[in-house]
Amino acid sequence: MGRIGDGDIHAAYIEFRAKESDKCLSAQCVHCHSIRAKNTSRQRAHLLECPAFLNTMKEHNPDNPILHEALNGTPTQHTPAKSHKKRDLDSMVNGFQGSTSSAPQSFPIPKPQLERDFQMSVQLNPKISVGPGIWGQRNWVSFVSGHWNGRFGKGTVVPGGQDSQLIAPDLSTHIDANYLLQTHDHPPAFIAVKMDGWRVGPRDVLEKLEDPSQIDEVDPKTYSFRVNVHMETGDARYLILNTGMWVASGVRRGTEVIYDAFRVI
């Protein structure tokens, strides 16, 4: 078994080969964008001191074992999610059977939680303008290739996917994207990914996002880029993905789009 927190380490980095001739992979931190040679121990050491990673975990995942180790010196064990589900089910059943009060008080509904699950980086071709339609300006963006890395595996983004974008008069952009993921298994599995959502923000910020020469100057905190994520596969090794639910936050950087996806549990 791997060390506690290894799954979080893999999810926090994009792995790539800087040059075709390189024998070893490089790893880029998705939180601060620093690059180093792929080495789990050194990647862990970086995360223990990475302010961007630690601040994100404090806000979204305070029980993260690497955050706990950074603050207290030792990692913490997670309570298995299954026990939480059993406790919620017991409280629902017992409350319903043993109470004569109103349903909202006697039948508590479990609150959904978000768990950071995977990260994906995709290189984009220049957008093609389809032209104005009855709903707004339609753009077509195809994908060159990409990489993904997460709790359930890692692999590449198969070239040929596309995003059919609808641009509203205020430059808000509806995202309707389809990707095909290939895993690093032997033989590989293929996973179809569907994303839909919105990129919104102040008009001047959205204008810069449409200008390739200014994209890198835009602070991701000045706009909102959120999508729903659905997956489908027939591979027996990944059937659990078919019934999963995810929400993701995206950013644009040069000719690249990066998504950080959270599983709804």
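Tutor: Let us begin with the surface. Accessible areas come from the Shrake-Rupley method with a 1.4 Å probe, and for residues only the protein chains shown count as cover. Here the accessible surface of the protein comes to about 15,200 Å², and 56% of it belongs to carbon and sulfur atoms. This is a predicted model, in which local features need pLDDT of at least 70 and side-chain atom pairs count only at pLDDT 80 or more, while totals for chains, interfaces and linings use all residues. Residues are numbered from 1 along each chain as its sequence is written, and side-chain values use heavy atoms, with hydrogens and water left out.

Student: What percentage of the residues of the protein count as buried?

Tutor: Buried means under 20% relative accessible area, exposed over 50%, and partly exposed in between (1.4 Å probe, protein chains only). Of the 265 residues, 38% count as buried.

Student: How many helices and strands does the protein have?

Tutor: Helices (H or I, at least four residues) and strands (E, at least two) are DSSP runs, numbered from the N terminus. The protein has seven helices and 13 strands.

Student: Which residues have the most contacts inside the largest nonpolar core?

Tutor: In soluble globular proteins, nonpolar side chains tend to be buried together. A nonpolar core is a set of buried Ala, Val, Leu, Ile, Met, Phe, Trp, Tyr and Cys residues joined through side-chain atoms within 4.5 Å. The largest one has 35 residues, and those with the most contacts inside it are Met 120, Tyr 179, Met 195, Val 229, Met 231 and Tyr 259. Elements that each supply at least two residues of this core include β4 (114–124), α7 (203–209) and β13 (256–264). Apart from this core lies another, of twelve residues, among them Ala 12, Cys 50, Leu 54 and Ile 66.

Student: Which residues does Tyr 259 touch?

Tutor: Contact means heavy atoms within 4.5 Å. Not counting residues up to four places away in sequence, Tyr 259 touches residues including Phe 118, Met 120, Tyr 179, Met 195 and Ala 248. For the protein, among contacts between residues at least 6 apart in sequence, 49% join residues at least 24 apart.

Student: How does strand β1 run relative to strand β2?

Tutor: Two strands pair if DSSP finds at least two bridges between them. Four bridges join β1 to β2 (residues 26–29), and the two run antiparallel. Glu 15 stands opposite Ala 27 in β2. Both faces of β1 (residues 13–16) are covered, with Tyr 13 and Glu 15 buried on one side and Ile 14 and Phe 16 buried on the other.

Student: Where is Ala 37 placed, and with which residues is it in contact?

Tutor: Ala 37 belongs to strand β3 (residues 35–37). Leaving aside neighbours within four places in sequence, Ala 37 is in contact with Leu 25, Ser 26, Ala 27 and Gln 43.

Student: Is Val 130 buried or exposed?

Tutor: Val 130, found in strand β5 (residues 128–132), is exposed, with a relative accessible area of 56%.

Student: What should I note about the backbone of His 33 and Pro 187?

Tutor: Phi of His 33 is near 70 degrees, a positive value in a residue other than glycine. His 33 lies in the loop between β2 and β3 and is partly exposed, with a relative accessible area of 38%. The peptide bond from His 186 to Pro 187 is cis, with omega near 0 degrees, and Pro 187 is found in the loop between β9 and β10.
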